[in-house]
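The following note comments on the structure shown below.

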Amino acid sequence: MELEVKIRKKLGGFRMDMEFQAKAGRTGILGASGCGKSMTLKAIAGIVTPDEGRIVLNGRVLFDAERKINIPPQERNAGYLFQNYALFPNMSVEQNIAAGLRGRDAGGRAAREKRVAEMIRMFGLTGLEKLLPRSLSGGQQQRVALARILAYKPEVILLDEPFSALDAYLKDRLQEELLEYLAEYDGLILMVSHSRDEIYRFADELIIMGRGQVEVQGGVREVFRDPHTKAAAILTGCKNFSAAERLSDHALLARDWGIELHTEKVLPQHFNCIGYRAHFLEPVYGARKENCIAFRLHGQRDLPFEKNFYIRPEKDGYAREHVITWFVQRGGWAALEERGKPDYLQLKEDGILFLQDGTGENE
Amino acid sequence: MNGLLEILRGLDWSPLWISLKTGVVATILSFFLGILAARRLMYAGPGKKSVLDGILTLPMVLPPTVAGFFLLLLFSRRRPLGILLYRQFGIKVVQSWLGCIIAATVIAFPLMYRNARAAFEQVDISLIHAGRTLGMPDREIFWKVVLPNAGPGVASGTILTFARALGEYGATSMLAGNIPGKTATVSQRIAMVIQDQNYLTAGIWVGIVLLIAFLSIFLMNWVSGKAIRNVERW
């Protein structure tokens, strides 16, 4: 079970140059809007044709520009879940599910009907067989779309931002449902999303995509712990960055914040930037400890379960316009209210991300 | 009043039947040809598309008499195609009812084709992509997904086509002529009786045409209303 993708395609303002491999299981592709991630899925499904490259699924060449191979989407045996589900509005639930079985060698009409009935039962659609998609709820529509795909047992399932048009409540419910229904599928699943939470929840393996390229690939947890590049760290939701300079094995200068940071562990050799997550800043009262930033409050925004503080590091003589974000979750509110504004914010060594910032450099 | 009844009783109704028959046959022909042409063009490359689109739309833009002139050149029994049709199959296009049908079809076809194409292009592209990844052959995607979801647009194209075919005058008079009881359509009869200063008879025909126009629009709206119910609209 393996998918190999190496494709190039000119898109509007940039070149897509994707190269990655994915194994059986759930792989997430995280990228900003318009970075070419949907295009990647469409290329795998055969809906769009790359300019160059190769796509191989389980040893079968789906696309090879040099050898002029381009298997039509009908024969690729991929399941594509569209953002709007793309259910056929003129067909009933039953007919929609059967649509994927008709073109295939599904063993005749009787076998087809049996498979449809089986999918309807499995996906909790009993009683809705004769309804048209427009009279279904969002959740039911998703189930029909999934049933339609899983009915023909595709080798790869491609999920194209399946939740981005939903409200928060429904999103949560449908994510859970999707995971539940896909749990027994043993093929390859590729999900594309711009939402860090969605991807973290869904995927085992993560590919972070910059503009048309793979930035980092690895296990989801590892990549979130160590995103390698600033672009990737931004996509994992890291809010605070500073240009940095390695001073010694245990010290670095965070230039934008005007402080020196000291570590117990030996610093990595190559990095020119550090990142620090907004949730990991610790308030400190009284005497200054190691790795503390003196600051001035710049602004405060309250969310239902979180307070967001925007602060400016107080450096000698001048305060840079480099705003640091500090998120305090509910548990920390009481201390904050009781003791007021902390004197310093402390950076914990474990929370520091050592990054490469590619912008402005010749690679 | 008695005079009007007298005229109605004495009226030659043949133009009505000729027009209706011509309109129906031309609409059926345009319907299928227009849909096929629109389908073919949907899958054509951009260059080919614009050239073919120009050719297919031309009869709508040209003055009907010019289109009639070309048709006459093509089907005249002094020219190769006309000679071939007559000698081999005994088919006579010029000055015959077949001429009426061909003229009306050629003039009305672009309306069907353009409306069908516009309706197909309105269909959500992800439905077509979904069909393809599901393994449906392109032909099946077209007939089972694109066409049903383009229903309302196709229906309104059909109304316009029928209306246009029913009232065709210029090309018909060039190709089929105005032979009473054979190729004399309502439009041609109206023009003829007005030339004879017979305004009352012309008025009666105009009334009949108005009636047919309204009836066909109501009928088609009713049919497309049924089609619309399958699709969500604003």
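1. Axes here are lines fitted to C-alpha atoms, for helices over the stretch in contact, and angles run from 0 to 180 degrees between N-to-C directions. Helices (H or I, at least four residues) and strands (E, at least two) are DSSP runs, numbered from the N terminus. The model is predicted: local features need pLDDT of at least 70 and side-chain atom pairs count only at pLDDT 80 or more, whereas totals for chains, interfaces and linings use all residues. Residues are numbered from 1 along each chain as its sequence is written, and chains are lettered from A and ligands numbered from 1 in the order in which they are written.

2. In chain A, α2(A) packs with helix α3 (residues 108-122) at an angle of about 125 degrees, the axes lying 10 Å apart. That angle makes α2(A) oblique to α3(A); angles under 35 degrees count as roughly parallel, over 145 as roughly antiparallel, 65 to 115 as roughly perpendicular and the rest as oblique. The crossing of α2(A) past α3(A) is right-handed, that is, the near helix is turned clockwise from the far one by less than a right angle, anticlockwise being left-handed.

3. Which residues make this contact? From α2(A) come Glu94(A), Ile97(A), Ala98(A) and Leu101(A), and from α3(A) come Arg112(A), Arg115(A), Val116(A), Met119(A) and Ile120(A); two residues are in contact if their C-beta atoms, placed from the backbone, lie within 7 Å. By class, the contact of α2(A) with α3(A) has six nonpolar, no polar and three charged residues. Ala, Val, Leu, Ile, Met, Phe, Trp, Tyr, Cys and Pro count as nonpolar, Asp, Glu, Lys and Arg as charged, and the others, Gly among them, as polar.

4. Residues of α2(B) including Ser19(B), Gly23(B) and Phe31(B) meet residues of α9(B), among them Thr158(B), Phe162(B) and Leu166(B). The contact of α2(B) with α9(B) has five nonpolar, seven polar and no charged residues.

5. Gly151(B) is placed in helix α9 of chain B.

6. Between the chains, 22 residues of chain A are in contact with 16 residues of chain B. On the side of chain A that touches chain B, β7 (78-81) and α2 (93-102) of chain A each supply at least two residues. That side divides into twelve nonpolar, six polar and four charged residues.

7. An open sheet of five strands in chain A has the order β14-β13-β12-β15-β21, with antiparallel pairing; two strands pair if DSSP finds at least two bridges between them. Its edge strands, β14 (259-262) and β21 (352-355) of chain A, each pair on one side only. The twist averages 35 degrees from one strand to the next. Ser242(A) has Ile274(A) as its bridge partner in β15(A).

8. Strands β4(A) and β5 (residues 60-64) of chain A pair in the antiparallel sense over four bridges. Their hairpin has two residues between the strands, and Asn58(A) takes a positive phi near 45 degrees there.
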